[in-house]
Amino acid sequence: MLVTANMKQTIRYARTYRYLMLSKVRTAGLVFLVVLPASCFWAFFSPEITGALAYISKDILETGLGTGSFTIGMTNFSLGDISYLLTEGIMPDILFSLGNFLVTLIILFILTFFLKIRPITIFIYIALLVHLCSCLFFIFFPELFPYTLAEYSELYMKQQMGIFICMTFVMGCVTSFLPIAPWKVILAVLGCGIYSFVFAVVRYTTFLFLMKEFSVLYMACMFFTFGPLIDFLYLVSIYSLVADHTSGMLAKDVGVWKW
Amino acid sequence: MSIYIGLCMLLFVLMMVLPFVPGWLEMRRKKDVRHLYINGDFVRNPRYFSTSFKQKLLGTGSLSILKEEQEVMLSKKEILIQADKLTAGQKKFENLVFFNQQPELLPGSVFHKEIYARQNIQFPEETLLRAAACEENCRLGKSSRVIRWIDAERQMEIAENCQLDLSATAGEHLLIASGCRFRRLYAPMIDIQGGASRLQQMMEIAGTQDGLQRDVNHIEAGQVLGGNVVAKGDFTLHEGAVLVGSLKVYGDLLLEEGSQIQGNVFGEKRIRLLGGNWIRGSIFSQGRIEAGPGCIFGHADAVESVVARNGIVFSSHTTVYGFVLTEGEGSIL
Amino acid sequence: MVIIFFMKLYFVITVLVMLAYAVRHTVFTYNRLYQPQKMYCQDILSSDIPFVSVLIPMHNEELVAHGVLDALLRCDYPADTEGNRKMEIVPINDFSEDKTREILDTYAAKYDCIHPIHRYSGDRGKPAALNEAMKSAKGQIIVVFDADYIPARGLLRELVVSFMDPEVGAVMGRVIPVNTEANILTRLLDLERSGGYQVDQQARYNLNLLPQYGGTVGGFRKDLILATGGFKVDILAEDTELTYRLACSGWKIVYANTAECYEEAPETWEIRARQIRRWARGHNEVMFRYFGTLLSTKYLRPLQRIDALMLLTIYLMPVVLLLGLLDSLGLFFLGEMDIIDGWWVLLFIGAYNTFGNFAPFFEVGTANILDASRQRMFLLPYLSFNFYFYLWFITQGFFESVVDVLTKRKASWQKTVRFRQGGTGV
């Protein structure tokens, strides 16, 4: 018997128990041919990537801080060699540390008693507490501070390599498992990678500038507050764009849902 | 500080803020701000399709039974044809159709849209129809197919080898012959291939239904066990055994001939009834239900259910009091 | 050196624990989106459905009492052979000082099935109120609604039908915020809830793990609870306590994704902070009580036990993470950050995917795809700051629970402030 299209065989399934069919070949292909290689790309080319990052930052920084302020060093990372910038930072004197301590305390006081409870205020609060610890450290144990700016630069670059690899891997995994065309997954991974690299450059440049011009007192705050959590922001944002697109696509193609 | 460093710092701030921009725009535009919709009036009605269709068709009171053609509003505007006078040899019906009288239809007729019949209606063999609501009795001929639903206010009779893609329901009595395939059935009494003839022998045994037993995996032939049972593995009721209580089985369930469960049955896997069995309550399986001849599900003057995820097979002389549903394929041997 | 060694060890353990949660959520997400779903028994139609008592704890609920009562009176529930519906409604007036009492008495005078209880002595709070009501409740099955809920007509039947399964001890439905348009907080809570119910709970149900009874839009067998002493009045999270009490005794909790009901999400951050602190305190009290029992019960399979443990300690994880962050800070100032050679980003990955708001971003995204939602997902980055918000207040709740346990202090019950103005809701 011939059933014509207008006899409406397709049923719209409710959100409660509907699900999708996974193309295991497609997903496995994406994971093994795109996600893993993309993640490994950062590791295999770590000298070149970190080298580029370091060179770009050096060029930008030397426009304001003078040519020769920075040199490029290399060190061993668990997955390969990495380059980083070597330079001298400014150690805070006692007055500077005390001043920062008092200002931080005042801001904390204002936050505690005058500002409303919000996630952003908690975030700022925690960031200021980290800075407070740094101030106390420099007030009481300035000689014991374990990092020069060069050592921080190395630490930052190692963290950054971890971020590159993990962000690519996570973005690849979460988008591979969405029912979208492979090229969209590749686009998401590529977009995340490019954003990650550009962000790494501007962040690295900004941090080194601040610590070279002002003080390494801000090192802890920068490391903990503006670290991987900020990278997650753009990862989640890109994911949300992809997920929104996926949802829109699935709304038009009712037949893909199973019950 | 050079302009390049300044721009770099600005870009740093911008790139931290940029991920929030789509969300900020959504907060302003509120394109997707509404809460998820819950239908507050939704109740489970096995005859929902027919009820809804008739409500839309007749609810406004503007339907004229005399007009040969009129517009009605269902999910969209449709043309409703009064088809009591059929064109000679007419077998294809492209529009909504309603019959005031019992029509003389030809085998192989095709109805692309819904049918509403105010009197009895008999669909001859090899009819293909989308949906039909009948206010009296309805008969579906051999090897016919219903794409969506079919409902009769009184008795529905489905002949051999019919395919019921979604739902077949009746207000009083549903009879189904062999070879049919289905997903949903409902009637106060559903007789499959003649229905069960042993109803008078299905006597309720007085017994306690309290307590939960976990260390039982079978009931011996002829034995009566009272109370509810949870079996972590397979479970067997041997011939003539009776469980006066409800059963939950994580493995396969086997009811040998003549055994009964005077309660509800929940199974995670396959449920097999070899024949002559009685399940007084509802039976629900995440796997398949396969019933041999002479089984009874439910009891008179009550509604119970036979629900299975992966499929249901009924044999001859089976009676169900109430509702049958499977997400897989239902079939009658 | 020993201290540094243990600091590094703690750090590694924290990362591994967070990653374990991340894996768990990944499995749930995959299962919900791509595996056949376990059928709930909503399709069962039965005349033999049990008699139900609907309990509604109320403390100063004059604004919303009409809504829930009107909705329940409209609900579709089978009648007995004499034509009386097999249900009763028991609003529990718990020390109300507004017009709640008068409203309930008016309804009771008009409808036979409404039997209010007025409490002005004894222990205050939801657990005590439920205990008192259960003693006189006629139903074998108890369903609990909060006063601000608006159940749909078919909801009660959808919940109670699950008790036809003899192993089911409790059932939980899906809660959907109705006030999403209020502000960014309600929108973010809507995202969280969607991930938590549509993906997390449903996946746990699919995989035969431990769905959680949430205390409202849910039901349980009355005799089971009364036989084990009723609800514990000294625990804030009586719903979590019930979950574990049942699970450790071999009873099942089922999750009914189809049994949806609107709720009112908190509209201010202060109220949300108090709520999350209270939940953390109550949940951790249950954790202290049931940790040992959970390890020793014979009724759970290994995977069920692991999942139950992970659920039980979910409100401990922010504390673990906070200590991990402090540990990292300490390692930083000690110059020992080279341990992980830059891999400490894993801490954030694990953490953010763990209790990133109790449903990590990909669970929320998956839930919204299933719900056919779209642009609301753009708010996902805003959830990132909730990470710190929860860290802050859950840690406070945890320490409060420690004090409760050590000093045997009794927590006083707090009601969440209502925002909706009367009427029958949406």
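At what angle do helix α6 of chain A and helix α1 of chain B pack, and how far apart are their axes? Before I answer, please note that this is a predicted model, in which local features need pLDDT of at least 70, side-chain atom pairs count only at pLDDT 80 or more, and totals for chains, interfaces and linings use all residues. Residues are numbered from 1 along each chain as its sequence is written, while chains are lettered from A and ligands numbered from 1 in the order in which they are written.

Helix α6 (residues 182–213) of chain A and helix α1 (residues 3–17) of chain B pack at about 120°, with axes 9 Å apart. Helices here are DSSP runs (H or I, at least four residues), and strands (E, at least two) are too, numbered from the N terminus. Axes are lines fitted to C-alpha atoms, for helices over the stretch in contact, and angles run from 0 to 180 degrees between N-to-C directions. The angle makes α6(A) oblique to α1(B); under 35 degrees counts as roughly parallel, over 145 as roughly antiparallel, 65 to 115 as roughly perpendicular and the rest as oblique.

Which residues make this contact? From α6(A) they include F199(A) and F209(A), and from α1(B) they include I5(B) and M15(B). Two residues are in contact if their C-beta atoms, placed from the backbone, lie within 7 Å.

Let us turn to chains A and C. Their contact takes 50 residues from chain A and 47 residues from chain C. On the side of chain A, the largest share, 15 residues, comes from α8(A), and α4, α5 and α7 of chain A are among the elements that give two or more residues.
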